[in-house]
Amino acid sequence: MPAKGEPATYEYTSSGAFGYCIVAYLPTPDHNSGALAGSGIKWRAYAGRGDFLLTESRMADFRKMVGASKFPYFELLLKTSWVKGTPINSTIVAYRTYAGSN
């Protein structure tokens with residue numbers, strides 16, 4: 001369900017130069033650790049997820065954005081744009097945080 005101010009759907013065309021991916025860091029069923037998961041519309045969008053997660057400054061900016069000293073459990077919707085099939089930028093479109101942290 002969309003949060004207040006978020007659209008119910010996001011437009012996407014297979015011929016476009018952008019796509020979406022989801023990144024989630026959620027607790028395991030026993031709540032003793034967390035699991036990282038992701039999914040993307042196309043491999044290019046999914047590749048943007050890796051760029052986001054492996055860029056220390058991007059992750060630090062996200063942590064500051066949510067006001068957390070440690071990473072909370074979260075779900076992110078990223079919009080990834082590309083040129084000639086190579087991901088060049090991923091931006092946070094929407095996010096959710098959950099109680100608990102790593």
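How many bridges pair strand β1 with strand β2, and in which sense do the two run? The legends below start there. This is a predicted model, in which local features need pLDDT of at least 70, side-chain atom pairs count only at pLDDT 80 or more, and totals for chains, interfaces and linings use all residues. Residues are numbered from 1 along each chain as its sequence is written, and side-chain values use heavy atoms, with hydrogens and water left out.

**View 1. Strands β1 and β2 form a hairpin.** Strand β1 covers residues 18–27 and strand β2 residues 34–40; they pair in the antiparallel sense over 7 bridges. Strands here are DSSP runs (E, at least two residues), numbered from the N terminus, and two of them pair if DSSP finds at least two bridges between them. Between β1 and β2 sit 6 residues, and His31 in the turn has a positive phi of about 60°.

**View 2. Here we zoom in on Ala35, in strand β2.** Ala35 is the bridge partner of Leu26. Leaving aside residues up to four places away in sequence, Ala35 touches Ala24, Tyr25, Leu26 and Thr28; a contact means heavy atoms within 4.5 Å. With a relative accessible area of 39%, Ala35 is partly exposed (buried is under 20%, exposed over 50%, partly exposed in between, using a 1.4 Å probe and protein chains only). Gly16 is 19 residues from Ala35 in sequence, and 31 Å away in space, C-alpha to C-alpha.

**View 3. Glu6 and Arg96 meet in a salt bridge.** Their side chains come to 2.8 Å, N to O; the term asks for a side-chain nitrogen of Lys or Arg within 4 Å of a carboxyl oxygen of Asp or Glu. Glu6 lies in the segment before β1 and Arg96 in strand β4 (residues 86–101), so the pair ties together parts 90 residues apart in sequence. Glu6 is partly exposed at 23% relative accessibility, and Arg96 is too, at 27%. A search of the whole structure finds 1 salt bridge.

**View 4. The largest pocket has a volume of about 280 Å³.** Of its 13 lining residues, the closest to the centre are Glu6, Tyr10, Leu77, Ala94 and Arg96. The elements giving two or more residues to the lining are β3 (72–83) and β4. By class, the lining has 10 nonpolar, no polar and 3 charged residues.

*Pocket terms.* On a 1 Å grid over the protein atoms alone, a pocket is an open set of points where a 1.4 Å probe fits, with protein on both sides within 12 Å along at least five of seven lines; lining residues have an atom within 4 Å of a point. Points are joined across faces, edges and corners, and the volume is the space filled by probe spheres set on them. Ala, Val, Leu, Ile, Met, Phe, Trp, Tyr, Cys and Pro count as nonpolar, Asp, Glu, Lys and Arg as charged, and the others, Gly among them, as polar.

Notes: Helices (H or I, at least four residues) and strands (E, at least two) are DSSP runs, numbered from the N terminus.
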